[in-house]
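Colleague: I would like to learn how to read the features of a model like this one. Please take them one at a time.

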Amino acid sequence: MLFQKKIDRAMNKLHEDSDAGRAEREHTPEEEYRQEKPDLEKGDFLAMTIAAILTILPVALLVLLGLAAIMYFTIVH
C-alpha cells in the first residue's frame, strides 16, 4: 500500500487514545454521562408541534399527489 506506515501510525494512535479514554471513563461517575432534558418554556411544545406540521405536511401532500398522479395515469391511460 502507498501510505501503509501512516495508516499503521494512525491506527496505533487511535487505539492508544481509546484505551486512555476508557480508563478515564471508568473513574467518573455515571451521572455525568446522562443526558439532561432541556428546560422548555411555556409555549415551546406548541411551537415545536406547529413547526413539525409546517415541515412534514407539504412533503406528505406532494408525495400523495405524486402517487395519485401515477395511479391515475396507470389506470386511466
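Colleague: How many residues apart are Lys 13 and Asp 17 in helix α1, and what does that separation amount to in helical turns?

Modeller: This is a predicted model. Lys 13 and Asp 17 are four residues apart in helix α1, which covers residues 4–27, so about one helical turn separates them.

Colleague: What do the side chains of Lys 13 and Asp 17 form?

Modeller: The general idea comes first: side chains of opposite charge can pair when their charged atoms come close. Here the side chains of Lys 13 and Asp 17 form a salt bridge, with 3.5 Å from N to O. A search of the whole structure finds one salt bridge.

Colleague: What share of the protein chain counts as buried?

Modeller: Of its 77 residues, 1% count as buried. The protein chain has two helices and zero strands. Its accessible surface is about 7800 Å², and carbon and sulfur atoms account for 66% of that.

Colleague: Which residues form a nonpolar patch on the surface?

Modeller: The patch consists of Ile 53, Leu 57, Val 59, Leu 61, Val 63, Leu 64, Leu 67 and Ile 70, with about 760 Å² of accessible area together. Take Leu 61 as a case: this residue lies in helix α2, residues 44–76. Leu 61 has a relative accessible area of 46%, so it counts as partly exposed.

Colleague: How many aromatic pairs does the structure hold?

Modeller: One aromatic pair. The ring centres of Tyr 72 and Phe 73 are 5.2 Å apart and the planes are at 75°, so the pair is edge-to-face. Planes over 60 degrees apart count as edge-to-face. Tyr 72 is partly exposed, at 45% relative accessibility.

Key. Residues are numbered from 1 along each chain as its sequence is written. This is a predicted model: local features need pLDDT of at least 70, side-chain atom pairs count only at pLDDT 80 or more; totals for chains, interfaces and linings use all residues. Side-chain values use heavy atoms; hydrogens and water are left out. Buried means under 20% relative accessible area, exposed over 50%, partly exposed in between (1.4 Å probe, protein chains only). Accessible areas come from the Shrake-Rupley method with a 1.4 Å probe; for residues, only the protein chains shown count as cover. Rings of Phe, Tyr and Trp (its six-membered ring) pair if their centres lie within 6.5 Å; planes under 30 degrees apart count as stacked, over 60 as edge-to-face and the rest as tilted. Patches are made of residues with over 30% relative accessible area and no salt bridge: like charges are joined within 9 Å, nonpolar side chains (Val, Leu, Ile, Met, Phe, Trp, Tyr) within 5 Å. A salt bridge is a side-chain nitrogen of Lys or Arg within 4 Å of a carboxyl oxygen of Asp or Glu.
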